Amino acid sequence: MAADKVVYLDNNATTMVAPEVYEAMAPYFTELYGNPSSMHSFGGQVGVAVDRARQQIGALLGCEAAELVFTSCGTESDSTAILSALKANPDKRHVITTRVEHPAVKNLCENLGVMTGTKYRVTMLKVSEDGMVDFDEYVKALTEDTAIVSIMWANNETGVLFPVPEMAKAAKERNILFHTDAVQAVGKIPINLQELDIDYLSMSGHKLHAPKGVGVLYVKRGTAYAPFMTGGHQEHGRRAGTENVASIIGLGKACELAAAKMEEENTRVKALRDKLENGLLTTIPRSILNGNKEHRLPNTTNISFEYVEGEAILLHMNRYNICASSGSACTSGSLEPSHVLRAMGVPFTAAHGSIRFSLSVYNTEEEIDFVLEKMPAIIGQLREMSPFWPGE
Amino acid sequence: MWLYTDTVTEHFQNPRNVGEVENADGVGDVGSLACGDALKLTLKIEDDRIVDAKFKTFGCASAIASSSALTEMIKGMEIAEAEKITNEDIADFLGGLPKEKMHCSVMGREALEAAIADYRGEKLPSAEGEVVCECFGVTDVEISRAIKESSLRSLEEITNFTKAGGGCGKCEDKLEALLRQTISEGLQMVEIDKKPTRMTTLQKIKKIEDVLEREVRPGLRLDGGDIELIDVDGDFVIVSMRGQCTSCAKSETTIKELVEKKLREQVLETLIVEEEK
């Protein structure tokens, strides 16, 4: 492997813009720069292209194009959905979410009082040691006072999948609105919204090989909606502000590619992930898999290497241009390790030394072999230095 | 990503003096797994001079680099001289550390102090202090010293340097009192910036339990009752009345007039107390 080659295994953080996506976007910067809202055909043709992108995204999600609103990111989609549901149900004062949500949902739910001026009771569902929620406990939490349920489809740190279709069904049976942050799930697992009881779904472009700065909110036809920003009539008045045209075109193309590569994601990429995971767990003693092994994304693995610290591991990996993430305290800038691992009850001995590897269709077997070759020595070297390492 | 100096990176990648000195004359063991970093420093001392120093560190790149730097600095030094080394000296040796990582250099200095005290058979002054931050086991002596030595002026800086207050946050009031006291002792009156901090559920629970125990339970117990904290969900505090209180017609009033009022005054003014149904 070339010494300067980057081995990118941090695709849950962000992804490379696919070459086909970049190519599709390019004309919209330089040649087709018209405003989609303009009355002239120079701008109008851009509006047509934006609508085509909407169709492409609808095809991946199994919904109508008209049910999609373009936003700037996953976070905006999450906020818009949750706050819309609260506005639509002014008499309801209860929200259900989980303890392992992305900060986009977690921090919003913890600050609903400040954001809305109204007090809400928020149930944050516990997770088990393998990161799963207790379905019965979830159903019990649904009350007449519940305005919205917001539960992520796939966890960004562990890849664990929640039974979102069943959870949405249980909410629908009780006339409760259901939102899912599907930022990590879209493009990796099949989703067919027209068959599901999901009312709102958030996705983000840069997690599936489209650029950063574009997101989508799916709003089921007939569901309550309140715009997050006020201004022009773009997106039929649902999201003011001139469209991020090139990125939207890119996202459309990325969704088309994701649909075409979903099979590869769940076969070849999954096999690479399994090879990496099994290799690390067998060659490195005292290494532990975090999260349920069955119900999870095909591209993610989260492994704790006991008695060593995540930032130190990442910086040694960095010397070989291997990119991944850690749930350690030091990498977050706070002094406490990942809220996801802590919610799962992962002990401190393991939480500080957790590494998340997240693959994409652009990873190769050669790269995985390279990582498997380098990791044991990195962990071994740090353990030799650790005052807690009890030896093998 | 942290912006580390080349010296930090170099010491992290090629740490000097890793290991343990055999038959060490002084051992300094500081930090813990739970805290996220720990350092064991072992010294060989002859005629009050450090002839060898080795370390074992669990922690991030700057913790490892600080440990490596420390051993390089003290090898060959007289004990009397080594005693004067501050955490700032360690950070300077490395060309500086990101402010959030200053506690790594403090850990180095603490280990050195502990090793010297061990050599002399003395007790550490910091160990005699009172633990203020229970999450990271930091004493008032250590905190006051860091405030003085590094001219700390805010709670955030105290956390950056000592980790105190970086966990549950329950000790914030004590930290602020220590900060005021230490600064006024130094006769420098400086405006302390205290940002209104958002509490985590854990912090809320701890504070609420504290207030219930101190301000609520004694009164209820006089009447043969008690109160138990069941859950804290955002602003909602769910409690259950026990003993005589369960049958008391005034329990609703007690909850609203006494418990909620006290909690709003002392924990968070947006709290709503409800009885478990």
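In the predicted model, A:Thr71 stands opposite A:Gly215, a residue of strand β8 of chain A. This pairing belongs to the contact between strand β2 (residues 68–71) of chain A and β8(A), which run in the antiparallel sense and are joined over four bridges. On its other pairing, β8(A) is joined to strand β7 (residues 200–204) of chain A, again in the antiparallel sense, but here over five bridges; within this pair, A:Ser202 has A:Leu217 of β8(A) as its bridge partner. Strands of a sheet pair through backbone hydrogen bonds, and they may do so in either a parallel or an antiparallel manner.

Strand β8 of chain A, which spans residues 215–219, is mostly covered, since five of its five residues are buried. In a regular strand the side chains alternate between the two faces of the sheet. In β8(A), A:Gly215, A:Leu217 and A:Val219 point one way, whereas A:Val216 and A:Tyr218 point the other way, and all of these residues are buried.

The pairing continues beyond β7(A), where strand β6 (residues 177–181) of chain A and β7(A) are joined in the parallel sense over three bridges, and where A:His179 has A:Tyr200 of β7(A) as its bridge partner. Taken as a whole, the strands form an open sheet of seven, in the order β2-β8-β7-β6-β5-β3-β4 of chain A, with mixed pairing. Strands β2 and β4 (121–125) of chain A stand at the edges and have a single partner strand each, so one side of each is left without a neighbour in the sheet. When direction is ignored, neighbouring strands of this sheet are turned against each other by 20° on average.

Helix α4 (residues 74–88) of chain A lies across several strands of chain A, namely β2, β5 (146–150), β6, β7 and β8, and runs at about 165° to β7(A).

The model also shows a contact between two chains, to which chain A contributes 27 residues and chain B contributes 27 residues. On the side of chain A that touches chain B, at least two residues each are supplied by β4, α10 (310–319), α11 (329–332) and α13 (348–351) of chain A. The element that gives the most to this side of chain A is α10(A), with four residues. By class, the side of chain A that touches chain B is made up of 13 nonpolar, seven polar and seven charged residues.

Definitions and conventions
Residues are numbered from 1 along each chain as its sequence is written. Chains are lettered from A and ligands numbered from 1 in the order in which they are written. This is a predicted model: local features need pLDDT of at least 70, side-chain atom pairs count only at pLDDT 80 or more; totals for chains, interfaces and linings use all residues. A residue is buried if 20 or more other C-beta atoms lie within 10 Å of its own, exposed if 12 or fewer, and partly exposed in between; C-beta atoms are placed from the backbone. Two strands pair if DSSP finds at least two bridges between them. Axes are lines fitted to C-alpha atoms, for helices over the stretch in contact, and angles run from 0 to 180 degrees between N-to-C directions. Two residues are in contact if their C-beta atoms, placed from the backbone, lie within 7 Å. Ala, Val, Leu, Ile, Met, Phe, Trp, Tyr, Cys and Pro count as nonpolar, Asp, Glu, Lys and Arg as charged, and the others, Gly among them, as polar.
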